[in-house]
Amino acid sequence: MTFEPVEIILKDGRTAVLRTAQIADAAEMLAFRIKSLGQTDYLMQYPEEMADYTIEKQLNFINRMIESPNDKMFTVIVDGKIAGTGQVSFNNRIKTRHKAGIGIALLKEYWGLGIGSAIFTEIIKTAQSRAGVELLELNVIEGNERAIALYRKFGFEIVAEIPDAIRLKDGTKLKEITMQKRL
Ligand SMILES: CC(C)(COP(=O)(O)OP(=O)(O)OC[C@H]1O[C@@H](n2cnc3c(N)ncnc32)[C@H](O)[C@@H]1OP(=O)(O)O)[C@@H](O)C(=O)NCCC(=O)NCCS
């Protein structure tokens, strides 16, 4: 879905804009995704796993985000560049349409500036205005304290922990934690 841009002031005084992704973002968004995957172990892929993900696929993804009534993706622009994205996904299935899923990733140079909080404020507003949605749900990897702090700040609580769900390249096994917020 598309939406009116939202302007926010970051903790360092700069302005960021949360806006709908555009077709023209495709190449930069692909580069952003690969870069962000290389900056943390707490996302669900390694950057090389994007090797066959083309600009065309990225473009199709953006188109889907624009056209889908069930997905709202916030693209964050700082100083004219993509700093991150956040997404809320609803669905129409009778058994699960009371729930929405969330994903978020920012480039490292933009962590700790309040962008995560701004995205969550918008996601919660969006979910609250959608009839029938009662529950927000997300998964986070054990050790991602910054993310867990953000989610707790917005009222999410840990409801499940899956042991050994994640295995890093060096063999480290980590839990996957599910957090929920009731609206
Ligand atoms: C996790 C992430 C989305 C957080 O976004 P952010 O913009 O850095 O978060 P904010 O600046 O809004 O900070 C939110 C809260 O986290 C807490 N926080 C900030 N830095 C922290 C740190 N180093 N450790 C623990 N908590 C921290 C603060 O309580 C802050 O709230 P406050 O501003 O009211 O004090 C971002 O760091 C990121 O993209 N990380 C890499 C990708 C990732 O892990 N995605 C999530 C996958 S589940």
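Ile-123 counts as buried because 23 C-beta neighbours lie inside 10 Å; the cut-offs are 20 or more other C-beta atoms within 10 Å for buried, 12 or fewer for exposed, and partly exposed in between, with C-beta atoms placed from the backbone. The model is predicted: local features need pLDDT of at least 70 and side-chain atom pairs count only at pLDDT 80 or more, while totals for chains, interfaces and linings use all residues. Residues are numbered from 1 along each chain as its sequence is written.

Ile-123 is part of helix H3 (residues 115-128); helices (H or I, at least four residues) and strands (E, at least two) are DSSP runs numbered from the N terminus. Apart from neighbours within four places in sequence, Ile-123 is in contact with Gly-86, Val-88 and Ile-102, contact being C-beta atoms, placed from the backbone, within 7 Å.

Helix H1 (residues 26-38) has 13 residues. Buried in H1 are Ala-26, Met-29, Leu-30, Phe-32, Arg-33 and Ser-36. These buried residues fall within an arc of 160 degrees seen down the axis of H1, so they line one face of the helix; the arc is that of the directions from the helix axis to the C-beta atoms. Their cover includes helix H2 (55-67), strand E4 (81-89) and strand E5 (99-106).

H1 and H2 pack at an angle of about 100 degrees, with axes 9 Å apart; axes are lines fitted to C-alpha atoms, for helices over the stretch in contact, and angles run from 0 to 180 degrees between N-to-C directions. The two helices H1 and H2 are therefore roughly perpendicular, a class that spans 65 to 115 degrees, with angles under 35 roughly parallel, over 145 roughly antiparallel and the rest oblique. Ala-26, Ala-27, Met-29 and Leu-30 of H1 meet Ile-55, Gln-58, Leu-59 and Ile-62 of H2.

Conventions. Expected span 1.5 Å × (residues − 1). Contact = placed C-beta atoms within 7 Å.
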